[in-house]
Every structure is written in C-alpha cells, then in structure tokens.
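Hi everyone, thanks for coming.

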Amino acid sequence: MRTSRTTKAREPRHHQDDGGRHPIQGRHVSYLTGALLNVRRPPRDHQWLTGDSRDRAVAACHTLPGVDYWSSRSVVLVPGGPGARWPGHRISCRTDDGRVGAVTDPTAPLYVAADIHGHRTEFGRALVEAGLVDPSGHWCGGHARLWLLGDYVDRGPDGIGVIEDIWTLTAEAAAVGGEVRCLLGNHEVQLLAAHHFGTTPVVGLDEPGCFRSGWARFGGCDDDLRRLTDEHIAWISALPAVAVVDDILLVHSDTVRYLERGSDVEAVNSGMRTALQTRDVNVWLELAYQMSGRGAFRGDDSADVEAAVSAMLDHLGGTEIVHGHSTLTKHFGIAPEDVKGPLRYAGGRVLAIDGGRIIVTRLR
Ligand SMILES: [Mn+2]
C-alpha cells in the first residue's frame, strides 16, 4: 500500500538536535536518501534493520524534510557511496510493494527546468550541459534532484518522446539516489482535454472546434495526440500542480488561480487530481483557464504584486516562487540574445525560468 505525503514547507532541518547525526544500530547516520530500487534483499554492505533499530530509523526518517511517501515494513541501511556529499550513510525504506524509497537527500543539488514543449533533443542537450545526463542520454547526476515544471508536450516535434525520456531518467536517477519529479503544465491539461472531449461543443469556450482546435491553435501536435496512451494519460493525471522543495514554491504558471483548487499544497494537488479524473467538460474548461493564467507577479501596481506573491507563499508555503510558462522573451520582453539565465523579479521573491529556450537552472 502506497500512501502519499506531499512535501510541506518546513524549516530545513539538518539534524541539529543531536549534533547533526542520528544514531542507528550503533552507527551514525548523517546522510539520508532514498531510491526506488527493486531490492528484494539488502545488497552487499547493506543490512535490513529490525526491532528497535528499525523503529529508530523510521522515527529518524519522519523528522526529515523531503519524505515523499511512507509505507515501510523494513528499513535498509545503505553505506554512503562515492557520490555522497557527506560522509556517513544513507537510509532507504522498503515499501510494502517491495520497492525501496521514500527519503530523498535534503542536501543534494536542486535543479529546475520548464516548458520543454516536445523539444526532445534540446532537452537532452540542456541536461548534458547541466551535468545531469551523459552524452549517451543516461542519468549521471548522482543524488541531484531535478524538478520539471510542466509543459512537456505541444509546439515541438515529440512531446510523447519527452515524457518517455522523463520516465527513463526518473528510474535511472532513483536507482542511484537522485530524483526527477514533474509538475503539471497547462499544455498537459489542454492535450488531455483535446483527447477526452475532441470537438464536443463546450458552452463558454469561444473556439469553433472546441478543445480540439483550441489545443491545436496553441501548438498541439497531432502526432502527440495520436500516440497518447492510457499510460501517458494516467501519468499526466497524477502529476502534482504545486510543490514546496527546500522552502521554494514550485509552480508551472505565474498565477494565483491555483488557490481556487485548494488552500494548501495538498488540497491544491488533490483538487487538481480530482478535476482531471472527471469528465465534466465545465470542470475542464475552468481548469484550462486556471492553468493558463499568467502575469500575476508582475505589473505596475506593486501592492497587487505583493498581495499575489504573499497569497501564494502564505497558503502554499515557501519563501520564494519559481515558475515557468511565461517566457522571458515573449512575456517579459527580453531580447533572446540578452537572456543569460532565469529572471528574478517581484522584489526578489519570484524567479521566472522559461528563457524561451530550455535552461536547466541550479537553485541549490
Ligand atoms: Mn505553460
């Protein structure tokens, strides 16, 4: 049984209560991470913990930021490998379905990228440049965490290929204690809407061919729609819309309309998932509008900007917002040759990372 716990905004805790270390089975664990490994028995130099040792390990895991889900029967103690940034050991937690996982390394480097839009080759190249993927396309980022902020499909030639590359990288990263995680973008919503509703008339949608032509008009590619399987749909439909990682609020769109779905991270994400499960076209219409909103954190009225940023951070947590969706070139008016990296604005509390080309940005 797998339960989910959304990462909440918390003070970063680096195990300061006990001098930076958790004693487990007579050893000191100062480095914790997890991976979705298919491990039936502990690898060499690892050990399953039982009894008191297991309980102490479970308690230690629960105090850590970054615990993503929890349902363990066993805990395995994993020695820190050559890629470990800290000396010591890692803990992985075996879940009831036999996988090992749950605790990510809160000290690992954190990268973000957004709006890949079917540009599979450029995505791969950007990951190689960031040192997360080797030239043959495999994860080489070790324990690094990579969050992708939505819009995998449309515009570029191979959105489905991008999604499947993400699946491969997710597994490869997890196998070595790294992490690839994804948020929902408005283009995923539009693709699913085109799939579910096609040209069915929708009251309130001023678009002759309804969702199908609206999606196409905003860059939808027939090839993606044709290749979309139940597996892709299930993956998209389960994506979180918002996340707080290391006190940073990650979202796709620069809008406060996420808050219409719920007033904290968990509520927004479960509200969004519920909406994506329905086949009520009115719910989808509203969802598409909400996810497509933009520009909430910029403008001439600094009081409005302040209120929008504060509303998001107060409800969802974090001390800053990182978003994609609105490009620095088209929406922020920066000439392409002047885009050197992400743009910090709104009094320093918001970072826009869609440079109009794929930029992998290291945040931590
Ligand atoms: Mn977008």
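I'll talk about a few strands and then a pair of helices.

A word on the source: this is a predicted model, where local features need pLDDT of at least 70, side-chain atom pairs count only at pLDDT 80 or more, and totals for chains, interfaces and linings use all residues. Residues are numbered from 1 along each chain as its sequence is written.

Let's start at strand 9, residues 145-148; helices (H or I, at least four residues) and strands (E, at least two) are DSSP runs, numbered from the N terminus. Arg145 and Trp147 point one way, Leu146 and Leu148 the other, and all are buried, meaning 20 or more other C-beta atoms within 10 Å of a residue's own, with C-beta atoms placed from the backbone.

Who are the neighbours? Strand 8, residues 110-113, pairs with strand 9 in the parallel sense over four bridges; pairing needs at least two DSSP bridges between two strands. Here Leu110 has Arg145 as its bridge partner. Strand 10, residues 179-182, also pairs with strand 9 in the parallel sense, over four bridges, and there Trp147 is partnered by Arg181.

Now the helices. Helix 4 (residues 186-197) packs with helix 9 (residues 281-292) at about 160 degrees, axes 9 Å apart; axes are lines fitted to C-alpha atoms over the stretch in contact, and angles run from 0 to 180 degrees between N-to-C directions. The two helices are therefore roughly antiparallel, the word for angles over 145 degrees.

That's my tour, thank you!

Technical notes:
A residue is buried if 20 or more other C-beta atoms lie within 10 Å of its own, exposed if 12 or fewer, and partly exposed in between; C-beta atoms are placed from the backbone. Angles under 35 degrees count as roughly parallel, over 145 as roughly antiparallel, 65 to 115 as roughly perpendicular and the rest as oblique.
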